[in-house]
Amino acid sequence: MKRLKYWRFLMLLFLAIGLFQSCEKDMDDIVAPTSITDTTGTDTKDEEPDPGPNPDVGSGEQGGDSDNDPPAEGDPGSITLYSVEGGNLIKQKDFKVSGKELELQKDTNKHQEIWELTKKIIPPNYLSKMSEFMIFAGEGDGTAGYVFNTATDLSKWQMGIAIDFAYEGGFNAGGELAYTIIHEFGHILTLDNTQVDASVSEDKCENYFVGEGCARTSSYINKTYKKGWADIWDAFLKVRDAESESASEEFYNKYRDRFVTGYASTNPGEDIAEVFATFVTRNGGVNGSTIAEQKIQIMYDHPELIELRNFIRGNTATAKGRSYLPVAGSWKKAATFGNPKKSHCSRPAK
Ligand SMILES: [Zn+2]
């Protein structure tokens with residue numbers, strides 16, 4: 001009954017505003033009324049490395065890959081945690097699961113298939129920044145993917161991909177999985193230690209403060225922030241503190257020409273992940289002179305990002321006769337807004 005109520009609410013919301021979101025998967029899985037108000041409990045955690053879905057991660061308590069190890073306790077939906085070594089997945093933990101999730105845990109060919117696609121999107125020099133890879137079930141909370149730093153200096157990250165969504169309608173149907181990986185990679189790309197200085201506190205930060213640290217002056221996110229956020233920052237802070245869907249909606253509608261998707265208006269962190277994903281997946285280049293397009297131009301101003309775009313497109317343009325990438329802006333599950341207080345996709349707090 002509760003679900004039905006949400007479903008009706010969300011259908012109305014969708015019809016009314018047609019907004020999009022990428023981290024979360026299905027319209028009826030997004031608990032819109034709490035997606036923002038939920039943040040109260042996680043807000044203080046922004047100052048610290050996100051403990052992520054598994055509190056043991058990053059604590060040094062990583063077990064070996066013994067089949068005799070008992071299944072680990074984890075957050076709901078956690079299936080298998082891998083470490084990434086030399087581009088390969090090394091199993092660290094199987095979590096205690098049952099039923100459908102147990103089937104997904106045993107089906108390691110699927111884990112590998114997701115990983116192979118990930119490697120087509122993230123080249124080796126960036127892949128080395130990802131120390132951990134989590135296979136989880138996203139159905140419970142509607143999360144399709146997430147990242148968080150496993151090192152306080154932001155040099156190492158964990159990425160999580162929802163295996164159930166990855167195979168919804170067939171592997172990578174509609175390019176949705178590829179899009180999710182590109183978006184999540186966009187977070188690591190723009191929040192790692194080369195981009196953000198975790199040792200600088202907010203009161204000492206003269207650039208955009210992302211939550212994990214202070215954006216470096218020439219960082220991608222500092223440039224997109226200056227281009228499209230700095231002059232409306234007070235208006236955004238009001239939205240962030242209002243913690244209401246309608247305030248987010250109003251903000252997006254008012255500044256629509258600044259954002260490539262509705263989800264991008266969540267905050268500068270989600271914005272740049274969406275800008276990067278649009279930059280990569282769009283067939284053409286910059287299209288017009290809006291601030292949203294000027295942010296895409298910032299991507300084109302960096303040869304290393306053009307190289308990344310070429311790498312991803314070259315590896316995913318055709319496989320088995322079909323494109324892996326969705327048409328930019330058309331990813332069907334990009335609904336509503338994310339958490340304005342989180343600089344990147346995350347799994348909702350329990
Ligand atoms: Zn995100």
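**Close-up views of a predicted model**

**View 1. Helices H12 and H13 pack at an angle of about 70°****.** The axes of the two helices are 9 Å apart. At this angle H12 is roughly perpendicular to H13, since the range of 65 to 115 degrees counts as roughly perpendicular. Five of the residues in the contact of H12 with H13 are nonpolar, one is polar and one is charged. The model shown here and in the views below is predicted.

**View 2. Helix H8 (residues 176–191) packs with helix H12 (residues 268–281)****.** Here the angle is about 125° and the axes are 8 Å apart. That angle makes H8 oblique to H12. The crossing in which H8 passes H12 is right-handed. From H8, the residues Tyr179, Ile182, His183, Gly186, His187, Leu189, Thr190 and Leu191 take part; they meet Gly269, Ile272, Ala273, Glu274, Phe276, Ala277, Val280 and Thr281 of H12. By class, the contact of H8 with H12 has nine nonpolar residues, six polar and one charged.

**View 3. Helix H9 (residues 220–228) and helix H13 (residues 291–300) cross at roughly 160°****.** Their axes come within 10 Å of each other. The two helices are therefore roughly antiparallel, a term used for angles over 145 degrees. H9 passes H13 in a right-handed crossing. H9 contributes Tyr220, Lys223, Thr224, Lys227 and Gly228 to the contact, while H13 contributes Ile291, Gln294, Lys295 and Ile298. These residues of H9 and H13 divide into three nonpolar, three polar and three charged.

**View 4. Leu154 lies in the loop between strands E4 (145–149) and E5 (157–162)****.** Its phi is near 70°, which is a positive value in a residue other than glycine. Leu154 has 23 C-beta neighbours inside 10 Å and so counts as buried; the cut-off for a buried residue is 20 or more.

**View 5. Glu243 sits in the loop between helix H10 (233–242) and helix H11 (245–254)****.** Glu243 also has a positive phi without being glycine, with a value near 50°. Because 19 C-beta neighbours lie inside 10 Å, Glu243 counts as partly exposed.

**View 6. Ser128 is in the loop that lies between helix H6 (124–127) and strand E3 (130–136)****.** Ser128 and Gly86 are 42 residues apart along the chain, and their C-alpha atoms are separated by 7.6 Å. Ser128 counts as partly exposed because it has 15 C-beta neighbours inside 10 Å.

View 7. Of its 350 residues, 49% count as buried. Among contacts with a separation of 6 or more, 69% are between residues 24 or more positions apart. The mean pLDDT is 82, and 75% of the residues reach 70 or more.

How values were computed: Residues are numbered from 1 along each chain as its sequence is written. This is a predicted model: local features need pLDDT of at least 70, side-chain atom pairs count only at pLDDT 80 or more; totals for chains, interfaces and linings use all residues. Axes are lines fitted to C-alpha atoms, for helices over the stretch in contact, and angles run from 0 to 180 degrees between N-to-C directions. Helices (H or I, at least four residues) and strands (E, at least two) are DSSP runs, numbered from the N terminus. Angles under 35 degrees count as roughly parallel, over 145 as roughly antiparallel, 65 to 115 as roughly perpendicular and the rest as oblique. A crossing is left-handed if the near helix is turned anticlockwise from the far one by less than a right angle, and right-handed if clockwise. Two residues are in contact if their C-beta atoms, placed from the backbone, lie within 7 Å. Ala, Val, Leu, Ile, Met, Phe, Trp, Tyr, Cys and Pro count as nonpolar, Asp, Glu, Lys and Arg as charged, and the others, Gly among them, as polar. pLDDT is the predictor's confidence in each residue, from 0 to 100. A residue is buried if 20 or more other C-beta atoms lie within 10 Å of its own, exposed if 12 or fewer, and partly exposed in between; C-beta atoms are placed from the backbone.
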